[in-house]
Amino acid sequence: MKNIRFISSLAFYSTSLVLLISSCTPTEVAEKKSEEPMMAPKMETFAVTKDKLTTTLSVPGELVANQEVDIYAKVNSFVKVLKVDIGSEVKAGEVLMILEAPEISSQLAAARSKIKSLEANYIATRASYDRIVEASKTEGAVAQDALDQITARKNSDLAQLEAAKASLEEVKVMAGYLELRAPFSGVITARHVDVGAYVGPSGKGSALPLVTLQEQKKLRLIVSVPEAHLPYLNTTNPVSFTVRSQPQASYSGVIKRQAGALDAKLRSERIELDIPNPDRTLLPRMVADVKILLSLKDSTFVVPEMALVDSDEGIYVLKVVSNKVTRLPVRRGRKFDGKVEVFGELKTGDSLISKATPQIEEGAVVMN
């Protein structure tokens, strides 16, 4: 009998509990949940600080000769003597080849002969002028008209003589073009003519340069630095490089010249380094693997890479204020060795979550 009463009581209380639970609608349950504060799992935070982040930029470069020139003939002529060949080392002013132009020799002889003729005329005229001038000192001995005529003739002969001398100098300059000399010390890297070949500033002889001269004991390293890295670039940045033909060797230098403008196609700035090459182990046109150490003069905010969230909503860090999460938009800079530069409304000492994820919502409570 007692068991029957116990079972009846248990059934009554169970029914009451079911009715009580069923009386709570889904909306009320959701409202109660929404009233509860969002909780973020317990996680590590850190105080943000400023630091000078140093990164290494790896870019390709090209070695070129410090000076390079293609040498052409300045007058129509033929190659008479060829004194150099590919690989010849020459000094500044050394004769590379001698050309022959018969018409220039004829012009030179004609100009000299004309000068001799005009000199003889001028000497005779000058003698007559001196005699008449001397005679004119006696009053009435020489008419003024005769004195004026001999003076004009003397001046005319002198002008013709000076003109002939100028013409001779011009022909001498043309004759000097028949000797081709090295404008600087270097190495002959190309030769496109043989003895007897016709050469000249126009026509068949100008299709290719006679020879190409390079200065190889000093080279230039040309590098194009992308626009994003230009704020960190200055002439004090250490630069090292290797070439593919000598992977065991490493070379270094400092930036000597900056273009100061961006290339229209690559959107990069050209920089140049002077590379001493006394033993000519490096050659022009070599491709170099260049590494440039980049650093800012002023420090910036640096955070661990895992503290940065890059999502569809943008790039941000999670700042903790009064134990609540605040998403703080930032701009990302360079990254190196697990750290990244950030730019935004940060202050030294701000508390940020070390391992941020998009799942951590705005306003979530951070457990200490």
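Me: How do the axes of helix α3 and helix α4 cross, and within what distance do they come?

Reply: Two packed helices are described by the angle between their axes and the distance between the axes. Here the axes of α3 (residues 102-135) and α4 (residues 144-176) come within 8 Å and cross at roughly 160°. Axes are lines fitted to C-alpha atoms, for helices over the stretch in contact, with angles from 0 to 180 degrees between N-to-C directions. Helices (H or I, at least four residues) and strands (E, at least two) are DSSP runs, numbered from the N terminus. The model is predicted: local features need pLDDT of at least 70, side-chain atom pairs count only at pLDDT 80 or more, and totals for chains, interfaces and linings use all residues. Residues are numbered from 1 along each chain as its sequence is written, and side-chain values use heavy atoms, with hydrogens and water left out.

Me: Are α3 and α4 roughly parallel or roughly antiparallel?

Reply: Roughly antiparallel. Angles under 35 degrees count as roughly parallel, over 145 as roughly antiparallel, 65 to 115 as roughly perpendicular and the rest as oblique.

Me: Which residues make up the contact of α3 with α4?

Reply: They divide into 18 nonpolar, six polar and nine charged. Nonpolar means Ala, Val, Leu, Ile, Met, Phe, Trp, Tyr, Cys and Pro; charged means Asp, Glu, Lys and Arg; the others, Gly among them, are polar.

Me: Now strands. In which sense do β12 and β13 pair?

Reply: Strands of a sheet pair through backbone hydrogen bonds, either parallel or antiparallel. β12 (residues 238-243) and β13 (residues 246-262) pair in the antiparallel sense over five bridges. Two strands pair if DSSP finds at least two bridges between them. V243 stands opposite Q246 in β13. The two strands form a hairpin with two residues between them.

Me: What joins β13 to β14?

Reply: Four bridges, with β13 and β14 (residues 268-276) running antiparallel. L262 stands opposite E269 in β14. This hairpin has five residues between its strands, and R267 in the turn has a positive phi of about 55°.

Me: What is the strand order in the open sheet of four strands?

Reply: β8-β7-β5-β10, with antiparallel pairing. The edge strands, β8 (179-181) and β10 (198-199), each pair on one side only. β5 (residues 77-82) meets β10 over two bridges. S77 has V199 as its bridge partner in β10.

Me: Is E341 buried or exposed?

Reply: E341 counts as buried because its relative accessibility is 1%. Buried means under 20% relative accessible area, exposed over 50%, partly exposed in between (1.4 Å probe, protein chains only). E341 lies in strand β20 (residues 339-344).
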